[in-house]
Amino acid sequence: MNALREVLALLSVFVVPAILVGFPLYGLFRRVPVYETFVEGAKDGFNVAVRIIPYLVAILFAIAMFRASGAMDFLVDVLNPVLRPLGFPGEVLPMAIIRPLTGSGSAGLVVDMISRYGEDSILVKMAAVMFGSSETTFYVIAVYFGAINIKRTRHAISAGLTADIAAALLAVWIVRLFYG
Amino acid sequence: MLNYIWAGLIVSSLLFAVGYDVRDMRLDRYRNGEPLPVELAFPEGYDSAARRVPVQVMINGDEYGRLYGTEARPQRRYFGYLSTSQEGAQVRFEAGSAFPEPLATIARISKSNEDELQGTLVTFTAPESLQSSPGSSASEALLVAPATVRFEPVRFVKITAISAAAIEFAQTAAEIALSLVGVMSLFLGMLKIGEASGVIFALVKLVRPILRPLFPEVPADHPALGMIALNITANVFGLGNAATPFGIKAMEELQKLNPSDDTATNPMVMLLAINTASIQLVPPVLLLALMGLQINQLIFPIIITTSLSLLVAIVAAKLYAKLPSVRASDPNRNPSGFASTP
């Protein structure tokens, strides 16, 4: 387990330098005007960032309102009795709901749970695995589709949320399998 | 679907906020207008002419609980000062004091310009003689006087909170987007070199056998496959900063194949599903920072969970694409129908 971790950590150190050095070097070799080409491509960075602003604002403010209104806590209370029979502890339910909505919010939740249940608790492990094994679905949708002005998302949200639900259930079951 | 989820979030926020505020009003949770009994101690003596006198505010826990109908108890002693002006005398608690609910919420509303909890003195008998406060030695004897303090009325807490949250996060969203500019430019520049020099096309050849079944709609030699490969590689190694520009570039390439302007194609949804499922083998830096060495125990559960959920994402994206309603909206099947449907 440790060896795998070491190898992955080592490889991940070299991915970015490989791109940053490898691409221009290969470009030089192929007689591409590398500096001009780089600047040409980099010009788009600002445009892309500006283009996604309206999409991000739309998603993030709605989620922030939902959290501030107390609706999130209500949702947790309602879903709790449904999920208990599946072996899903109510304490990690907020994590499952918040994870697809906000990345910083779910990180805050991990911190909160560590202080409440202790670092060694199985609940914290479940929440941490949930955090590490899924992405902020709504943010990803806003950024990726925002960049190309896609407004009709078709089955993207249902597919993303299906994966999120699967990840939440799997996190609970697998952590229980390892440490239960 | 996004339309309904989005509107649902906003409308339900309003309904819940109004609901909670009406409940608070009916229960009079903040006891608006009812003064809180306290004892004021003057460590440096009391001078009725002074505009600002340091004071220790002692709140009796049981009286506090009875007034607000709560089990929570405040600290025995808060530091602050007594401020006298034309409007009367006010007690101000030191900024940053920790209060239990509902006083904590009151402190967010009833505050001075310096963020101190502030209340108007209703009844107050100026201390006359030196008394020894119970439980302290004679050397710590203080001037003590009973008093009652009234705070500003608290209403519509949740309604105020949702408006504040909306405005705060609108700003956060723009900050997040703009904070991407630098890294985005760096990697988009590199990608341009990659395209011009042919690295991307070499990569396409390499990953074609793996990615073709997932993206059958993309032509075999299309650069989109190369961008997707870079996006997935960056994700696997937990390099979110690099993965985003690659993913956006891949989306732009896929958009070139899209007959419609604003409707997602099947390969776009597949790429998105892969990205939302997250395919990190290296745990995110943030989680490492939060969990420390505990992460060693979690690395295997995370890898298993993330691989299985990736599988679910791919299967879901494929299956949902076969649903009649989803099929009908596919821009590649029915390009002409698009202009007419809103």
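Analyst: One definition to start: helices and strands here are DSSP runs, at least four residues of H or I for a helix and at least two of E for a strand, numbered from the N terminus. Also, this is a predicted model.

User: Fine. Start with the loop between α7 and α8 of chain A. Where is Asn149(A) found?

Analyst: Asn149(A) sits in that loop, between α7 and α8 of chain A. Its phi is positive, about 60°, although the residue is not a glycine.

User: Now the contact. How many residues does it take from chain A and from chain B?

Analyst: Chain A gives 87 residues and chain B gives 93 residues. On the side of chain A that touches chain B, the elements that give two or more residues are α1 (2-29), α2 (34-68), α3 (71-83), α5 (103-117), α6 (122-133), α7 (137-147) and α8 (156-179) of chain A.

User: Which one gives the largest share?

Analyst: α2(A), with 26 residues.

User: What does the domain assignment give for chain A?

Analyst: Domain 1 (1-32) and domain 2 (44-179). In chain A, their C-alpha centres lie 31 Å apart.

User: And for chain B?

Analyst: Domain 1 of chain B is in two pieces, 31-128 + 140-154, and domain 2 covers 180-336. The C-alpha centres of these two domains of chain B lie 58 Å apart.

User: Switching to strands. How do β2 and β3 of chain B pair?

Analyst: Strand β2 (residues 52-58) and strand β3 (residues 77-85) of chain B are antiparallel, with 7 bridges. Gln56(B) stands opposite Phe79(B) in β3(B). β3(B) is also antiparallel to strand β4 (residues 88-93) of chain B, over 6 bridges.

User: How many residues lie between β3(B) and β4(B)?

Analyst: There are 2 residues between them, and the two strands form a hairpin. Tyr81(B) has Arg92(B) in β4(B) as its bridge partner.

User: Which residues does the cis peptide bond join?

Analyst: Glu101(B) and Pro102(B), with omega about 0°. Pro102(B) is in the loop between β4 and α3 (103-109) of chain B. For context, most peptide bonds are trans.

User: Last one, α6(B). Where does the helix bend?

Analyst: The bend is at Lys205(B), by about 40°, and Pro209(B) follows within four residues.

User: What span should its 13 residues have?

Analyst: At 1.5 Å a residue, helix α6 (residues 199-211) of chain B should span 18 Å, and its end C-alpha atoms are 17 Å apart, which agrees.

User: Which residues in α6(B) are buried?

Analyst: Val199(B), Ile200(B), Val204(B) and Leu211(B) are buried there.

Key. Residues numbered from 1 in each chain as written. Chains lettered and ligands numbered in written order. Predicted model: local features only at pLDDT ≥ 70, side-chain atom pairs only at ≥ 80, totals over all residues. Contact = placed C-beta atoms within 7 Å. Domains from an automatic or database assignment. Expected span 1.5 Å × (residues − 1). Bend = angle between axes of the 7 residues up to and from the residue. Buried ≥ 20, exposed ≤ 12 C-beta atoms within 10 Å, placed from the backbone. Pairing = 2+ DSSP bridges.
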